Amino acid sequence: MTILYYTYYHAFIHSFIQLLAVVGIVVKSTGSWYLVRDTATGTLHRCRLRGKFKQKGLKVSNPLAVGDQVEFTVEEQTEGAGVIHHIEPRRNYIIRRSVHKTEHSHIVAANLDQALLVVTLVSPATSFGFIDRFLVTAEAYSIPVTLIFNKADLHDDDLADYQQQIGKMYQRVGYPSLLTSAQSGVGVEEVDALLDSKTTLLSGHSGVGKSTLINVLVPDLDLKTAEISQFSDKGVHTTTYAEMLEVRPGTYLIDTPGIKELGLVDVQPGELAHFFPEMRALLNQCRYHNCRHVQEPGCAVIEAVEKGRIALPRYDSYLSMLHDEDNRH
Ligand SMILES: Nc1nc2c(ncn2[C@@H]2O[C@H](COP(=O)(O)OP(=O)(O)O)[C@@H](O)[C@H]2O)c(=O)[nH]1
Ligand SMILES: [Mg+2]
Ligand SMILES: [Zn+2]
C-alpha cells in the first residue's frame with residue numbers, strides 16, 4: 001500500500017512539474033544564475049540549474065550558455081525566480097578555449113543560425129589572421145558567416161578599392177560581406193534584413209563598432225540592457241558575459257563583449273584544410289592522402305596557390321594556424 005502510494009505520488013509530482021514547465025531561452029549566464037526569457041510571454045526569469053547537468057564528452061566550465069533552450073518551473077514564493085530542469089540538445093555551439101589552460105573551455109553561445117564578423121580596414125585594421133581564424137572556427141561548427149566591413153566613411157578611394165578586392169576574395173570562398181558605417185547609418189538596413197527571424201552571433205575585435213551597430217539595430221537598447229543587468233549578480237563584471245538581445249520577437253542578436261578570439265577546440269592539424277572551403281574542394285587531388293599542403297610534391301593546394309586560384313592571404317593564414325595547432329598537439 002505504501003509503495004503504491006509512493007509510486008502514484010511520484011507520478012503525480014512528475015506530471016505536475018511537466019504541467020508547470022515553461023519553455024525559455026537563456027539570454028544571459030553569469031555562472032551561478034541564468035537569465036531566461038519565457039518564449040511565449042517574453043518575461044525574464046532569474047533561474048538556477050537543478051542538480052548537476054553534464055553534457056557528455058564536453059570539458060567545459062559552463063553547463064549552460066546563452067542561446068540554450070530550457071524548461072523551467074517558477075515557484076510562487078520566489079518572486080518569479082525559477083528552476084531549470086531540462087536542457088534541449090544543442091543544434092550547435094561556439095566555444096572559447098582558454099589560451100593557457102587547454103583543458104578549460106567555455107561555451108560562448110548555443111543554437112546559432114549565423115554569425116556576423118565586424119571588421120575594419122582602418123582604426124583599427126583587422127588582420128587576415130584574425131578573420132580566417134574566426135571563419136575556420138565557424139566552419140568547424142557549420143555556422144554561416146557574413147563579414148561586415150564597418151567604418152566605410154573612413155575609406156578613401158584606395159581603401160574603397162582594396163575593400164572591394166577583399167570582399168570579392170571572401171565572396172569567392174563562400175563568405176558574403178556588407179559595407180557599413182554604423183556611425184552614419186549606411187548599410188545598416190541591409191544588416192537588419194540579414195538578421196530577420198534568426199539568432200545571430202555578433203563578433204569582432206574591440207573598437208570595430210559592434211556597440212555602435214547594436215545601438216542602431218536594437219530598439220530601446222538602454223531599457224533592455226538595464227532590465228537584463230538588474231538580474232545580474234552584484235560584483236560580477238557582467239560586461240564580459242555574452243548576452244542575447246531581442247531586435248524584435250524571433251530576431252535575436254548575441255553580443256559577446258570582451259571575447260577576443262574563439263578557440264579551435266576540435267580541429268586537429270591534419271584536418272585544418274577541411275575548414276578552408278577553397279582547399280576542401282582539392283584535398284583528394286593531392287598525391288599523398290596525408291598531405292599537409294606545406295611543401296609536399298604533387299600538392300594540389302600549393303599548385304592552386306601558385307596559379308592564383310587560392311588567395312595568398314588565405315594560404316598564409318592556413319600556414320600560420322597549422323603552425324599554432326602543431327605546437328598545441
Ligand atoms: N568613423 C567611424 N567610427 C565608428 C563607426 N562605428 C563606430 N565608430 C567608432 O569607433 C569607436 C569604437 O566603437 P564601438 O562601437 O565602441 O566598438 P566595439 O568595441 O566593437 O563595441 C567609437 O569611437 C565609435 O564611435 C563608423 O562606422 N565610422
Ligand atoms: Mg563594445
Ligand atoms: Zn596538399
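Residues count as buried under 20% relative accessible area, as exposed over 50%, and as partly exposed in between, with a 1.4 Å probe and protein chains only. Helices are DSSP runs of H or I with at least four residues, numbered from the N terminus. The model is predicted, so local features need pLDDT of at least 70 and side-chain atom pairs count only at pLDDT 80 or more, while totals for chains, interfaces and linings use all residues. Side-chain values use heavy atoms, without hydrogens and water.

Helix 4 spans residues 188-195, and its buried residues are V188, V191 and L195. They lie on the same side of helix 4, because they cover an arc of only 55° around the axis (the arc of the directions from the helix axis to the C-beta atoms). The face turned away from this buried side carries the exposed residues E189 and A193. After helix 4 comes S197, with a positive phi near 60°.

Next comes the metal site. C286 (SG), C291 (SG), H293 (ND1) and C299 (SG) coordinate the zinc ion (ligand 3) at 2.0 to 2.4 Å; donors are N, O and S atoms within 2.8 Å of the metal (3.2 Å for Na, K and Ca), and sites may look incomplete, as water is not among the atoms. The four donor atoms make angles of 104 to 116°, and the site is tetrahedral (for four donors, all angles between 85 and 135 degrees). Along the sequence, the donor residues follow the spacing C-x4-C-x1-H-x5-C. Both C286 and H293 are buried, and C299 also counts as buried because its relative accessibility is 6%.

Conventions:
Residues are numbered from 1 along each chain as its sequence is written. Chains are lettered from A and ligands numbered from 1 in the order in which they are written. Four donors count as tetrahedral if all angles lie between 85 and 135 degrees; four count as square planar and six as octahedral if opposite donors are over 155 degrees apart and all others between 65 and 115; anything else is irregular. Helices (H or I, at least four residues) and strands (E, at least two) are DSSP runs, numbered from the N terminus.
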